[in-house]
Amino acid sequence: MQKYNKLKLYLSIVAISFIQGLQYCVSPILGDIREHYPSADISLVQMLITAPGLLSMAVSLASGWLVLKITKKQMLIFGALIAGITGFIPFLSDSFALLFGARTLYGIGLGIATTMNVAVVAEFFEGDERVKAMGVQAASVGAGMVVATTAAGMLGKGGFRNAYFVNIIGFISMLILLVCLPETGVSKQNHTEKIRLNKKVLLMDLFGILEFLFLITFTTNIAMHLSGAIAGDSSISGILTGCFSGSQIVIGVLLGALTKVTKKYTLSAAMLSFSIGAAILILFPENALLLAAGAVFCGFSQGIFIPTASTFIANAVPPVATAFAAATFTVAMNVGQLISPTILNGMSKVVFGKTTTTGVYILSAAGMLTAAAAMTWWQKNQAD
């Protein structure tokens, strides 16, 4: 494998990950948005976080094939530009429809970034270095979320629309990618290496749907879950989302050491971590300190699951198929996120008689625990 400047490669991974982090930039202000647009359905308000998945799914799949025609660097620069532009569109008019549309279009940048981030790591790193780079990727996504959500929460205290300024991250990422990411040309198929999937990838995609069906409830519900003296405080919800994101930085750095301990059950541990975090959220909605602890456990789940599953998928297919395999996993994550508000809000109403954040967290904790048991059974039967 050709040697490249590792610092520039890591900076490129950080830039791509920060584009992904922008998905959660509206989380701290969801409560303010709901108050400002009272006629908007609660599920639509929550979908400001998940709506980017609508386009992200299609763009991800297209990106997996476009690597044969367009270079990864070109696609990533375009994705960063889209992320920046769509972030500022809502300033044009005080309209929920415009905000929702802009967030949906951001999915173009999100789909490219999520797919190409895995493909870039797989292209430039091998073996143990790939695991380390995936850990850096997870830490970078966490860092991007910390910056985006914490800054959005602080800016939102002066008026929720001020939080949109955080989307300048898209333009900054574009400049970094222009300077730092190597241009390696388009990918090529041959008789032995073709773009195709296998059972391992498809099963991991299924677990990706389950992970994010439940995991996304943290960010879509936390701003409205606060009660008592901290109810409605966007700065508190911003800090909690920052804790969720920041924990991914820590776990990303420690991922290599963690996988040596948990071995084939790393993904099960990730799922179990969310169930623990959700249980804390359920029990202590008025205690900011304990809510922060719950946010950390939920963040550990994402910080462990994504890089571990991505490494599994990258190792399960030939190099030319990595982008497409990553794309299907991106689609799986977005499907889980997209259907989450409708399914879990509806289930909460059926099971508990009304839709509440506590009801959603109870269902998510139980569902993730069941998924963790299924993952443990699958991984137990995997060859070492």
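Is Thr-370 buried or exposed? In this predicted model, Thr-370 is exposed, its relative accessible area being 56%. Across a sequence separation of 98 residues, the C-alpha atom of Thr-370 lies 9.3 Å from that of Leu-272.

Along the principal axes, the C-alpha atoms occupy a box of roughly 60 × 50 × 30 Å. Of contacts between residues at least 6 apart in sequence, 84% connect residues at least 24 apart. Buried residues make up 57% of the 384 in the chain. The accessible surface amounts to about 15,000 Å², and carbon and sulfur atoms account for 68% of this area. Charged side chains comprise 23 positive and 15 negative groups, and a distance of 8 Å separates the centres of the two sets.

The interior was examined next. In soluble globular proteins, nonpolar side chains tend to be buried together. The largest nonpolar core of the chain contains 108 residues, among which Ile-33, Leu-177, Met-204 and Phe-305 touch the most other members. The most residues in this core, 13, are given by helix H6, which covers residues 96–124. With neighbours within four places in sequence set aside, the contacts of Ile-33 are Val-45, Leu-48, Phe-96, Leu-99 and Phe-160.

A buried position is also found in a loop. Asn-167 is located between helix H7 (127–156) and helix H8 (169–180). Its relative accessible area is 5%, and Asn-167 is therefore buried, the limit for that class being under 20%. Excluding residues up to four places away in sequence, Asn-167 touches Leu-22, Cys-25, Ala-83, Gly-84, Gly-87 and Phe-88.

Helix H8 itself contains Ile-176, which is partly exposed at 29% relative accessibility. The C-alpha atoms of Ile-176 and Leu-11 are 7.3 Å apart, although 165 residues separate the two along the chain. Leu-11 is also among the residues that Ile-176 touches, together with Ala-15 and Leu-181, when residues up to four places away in sequence are not counted.

A further loop position concerns backbone geometry. Most residues other than glycine have a negative phi. Lys-263, by contrast, has a positive phi near 55 degrees. This lysine lies in the loop between helix H11 (234–262) and helix H12 (266–283). Lys-263 has a relative accessibility of 62% and counts as exposed.

Helix H12 also holds Ile-276, for which the relative accessibility is 36%, so that the residue counts as partly exposed. A C-alpha distance of 7.5 Å separates Ile-276 from Ala-365, a residue 89 places away along the chain.

How values were computed. Residues are numbered from 1 along each chain as its sequence is written. This is a predicted model: local features need pLDDT of at least 70, side-chain atom pairs count only at pLDDT 80 or more; totals for chains, interfaces and linings use all residues. Side-chain values use heavy atoms; hydrogens and water are left out. Buried means under 20% relative accessible area, exposed over 50%, partly exposed in between (1.4 Å probe, protein chains only). Contact means heavy atoms within 4.5 Å. Accessible areas come from the Shrake-Rupley method with a 1.4 Å probe; for residues, only the protein chains shown count as cover. Lys and Arg count as positive and Asp and Glu as negative; His and the chain ends are not counted. The place of a charge is taken as NZ of Lys, CZ of Arg, CG of Asp or CD of Glu. A nonpolar core is a set of buried Ala, Val, Leu, Ile, Met, Phe, Trp, Tyr and Cys residues joined through side-chain atoms within 4.5 Å. Helices (H or I, at least four residues) and strands (E, at least two) are DSSP runs, numbered from the N terminus.
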